[in-house]
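Reader: I am new to this structure. Can you take me through it in short steps?

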Amino acid sequence: MPASLDKPYTGLRVLDLSQGIAGPYCAMLLLEQGAEVIKAESPAGDWSRAIGHQTEGMSALAIAYNLGKRSICIDAQTAPGRDLLRQLALRADVVIESFRPGVMERLGLSYAELSKARPDQVYVSVSAFGPDGPYAERPGSDSTLQAMSGMMVVNRDARGAPRKVGILLIDVATGIYAAQATGAALYRRAVSGQGSRVEVSLLEAAAAVQSGAIIDEALNAGRAVQALSVPAGTFNTEDGHINVTSLHDRMFAGLCKAIERNDWLTDSRLGSAAGRHAHAEEINSALARIFRGKPTAHWVETLNRHGVVCGKVSNYADFLADAQVEHQRIFGMSEQSGPCRVPVARVPGTAAPGCQDKRSPRRGEHTREILTEIGLDATQQMALFDAGAVSS
């Protein structure tokens with residue numbers, strides 16, 4: 001039996017009209033659970049194809065968030081193109097879009113229109129700021145939401161200057177939340193037979209992923225911001241860096257034993273979390289001196305033996321080569337048949353190999369294949385190409 005038949009979304013058809021990261025990642029997560037995903041792009045292609053370094057029309061973003069999909073290029077500025085999009089949309093169980101308010105209405109592909117013919121369809125809208133309100137018409141990106149949500153302030157540097165998190169965290173989180181909400185809508189459909197609209201924004205995701213930090217600030221209003229625990233930080237070692245965290249009293253005791261500071265065990269000032277916070281500078285200064293004395297590997301082994309949370313500070317190459325990462329088969333090589341072979345992380349919760357055995361499509365790579373699938377013969381297909389409605 002093919003492995004795909006064991007996946008919960010096997011047989012589900014998804015039309016991905018979205019661009020960028022959040023919407024496409026939502027569609028890819030559904031694909032990893034068995035769904036068939038058609039990515040409909042404009043003749044220019046998804047704008048993520050042009051972000052960063054590109055090889056033969058494939059960027060890192062285009063590869064990472066479109067694995068396993070099939071691509072068709074449709075010009076929605078033409079009447080035949082709009083008709084074709086509608087035909088594909090009505091065949092889909094799930095439609096995902098990420099346009100600004102009003103665009104889908106102008107194309108005749110709004111939820112109100114499609115739900116008349118497909119009341120069981122799940123319609124997913126991903127936006128920057130939500131469907132209404134004073135910012136609804138504004139463009140927005142991961143960087144925009146990191147800036148306005150407080151994330152850059154939380155990640156400020158040693159001088160206090162706001163600093164962007166180096167990955168597209170809000171975009172990715174939005175895709176995950178959208179996939180979760182889509183799954184809930186599909187469950188509702190399975191129970192009631194009714195479809196529904198799912199609306200997820202980068203604004204919501206930026207708030208949700210920071211909820212703990214936002215609550216912590218509210219609880220500590222008027223007081224200086226402090227670390228969640230002491231010690232908790234990154235320290236230089238003899239040959240690199242290590243991150244060490246003491247979550248509770250027992251772990252602090254293990255830390256004391258690991259670094260041979262038994263005097264701290266009997267120091268009444270350090271016997272509670274509050275006391276350690278009060279003497280954070282003393283503790284962290286001592287740890288900085290101690291950790292510099294031996295290599296990272298020594299400290300990782302010693303601290304783990306004493307039950308202390310810690311980790312080597314690694315670059316991506318180190319992470320890919322990590323023994324636990326290799327044992328868990330987190331990464332596989334995806335053959336992009338042209339640009340290169342790239343390491344791809346499997347989607348959490350799925351068995352390996354997952355997306356590693358898939359590749360991302362070139363712009364319009366499957367146009368003819370998809371047109372044939374929906375019943376158009378060679379003459380009908382040629383008419384669409386001649387009209388500029390589709391491209392390959």
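Reader: Which strands does helix 1 lie across?

Author: This is a predicted model. In it, helix 1 lies across strand 1, strand 2 (36–41), strand 6 and strand 7 (122–127). Its angle to strand 6 is about 155°.

Reader: Which strands does helix 8 lie across?

Author: Helix 8 lies across strand 6, strand 7 and strand 8. It runs at about 165° to strand 8.

Reader: What is the order of the strands in the open sheet?

Author: The order is 8-7-6-1-2-5-14. That is seven strands, with mixed pairing.

Reader: Why are strand 8 and strand 14 called edge strands?

Author: Strand 8 (196–201) and strand 14 (390–391) each pair on one side only.

Reader: How do you know that strand 1 and strand 6 pair?

Author: Pairing needs at least two bridges. Strand 1 (residues 13–16) and strand 6 (residues 94–97) have three bridges, so they pair. The sense is parallel. Leu15, for one, has Val95 in strand 6 as its bridge partner.

Reader: What lines the largest pocket?

Author: The lining has 38 residues. Tyr25, Ala64, Tyr65, Phe331 and Ala345 lie nearest the centre. Among the elements that give two or more residues to this lining are helix 1 (22–32), helix 8 (169–192) and strand 13 (341–345). The volume of the pocket is about 1300 Å³.

Reader: How many residues of each class does the lining of the largest pocket have?

Author: There are 32 nonpolar residues, five polar and one charged.

Methods. Residues are numbered from 1 along each chain as its sequence is written. This is a predicted model: local features need pLDDT of at least 70, side-chain atom pairs count only at pLDDT 80 or more; totals for chains, interfaces and linings use all residues. Side-chain values use heavy atoms; hydrogens and water are left out. On a 1 Å grid over the protein atoms alone, a cavity is a set of points where a 1.4 Å probe fits but cannot get out, and a pocket is an open set with protein on both sides within 12 Å along at least five of seven lines; lining residues have an atom within 4 Å of a point. Grid points are joined across faces, edges and corners, and a volume is the space filled by probe spheres set on the points. Helices (H or I, at least four residues) and strands (E, at least two) are DSSP runs, numbered from the N terminus. Ala, Val, Leu, Ile, Met, Phe, Trp, Tyr, Cys and Pro count as nonpolar, Asp, Glu, Lys and Arg as charged, and the others, Gly among them, as polar. Contact means heavy atoms within 4.5 Å. Axes are lines fitted to C-alpha atoms, for helices over the stretch in contact, and angles run from 0 to 180 degrees between N-to-C directions.
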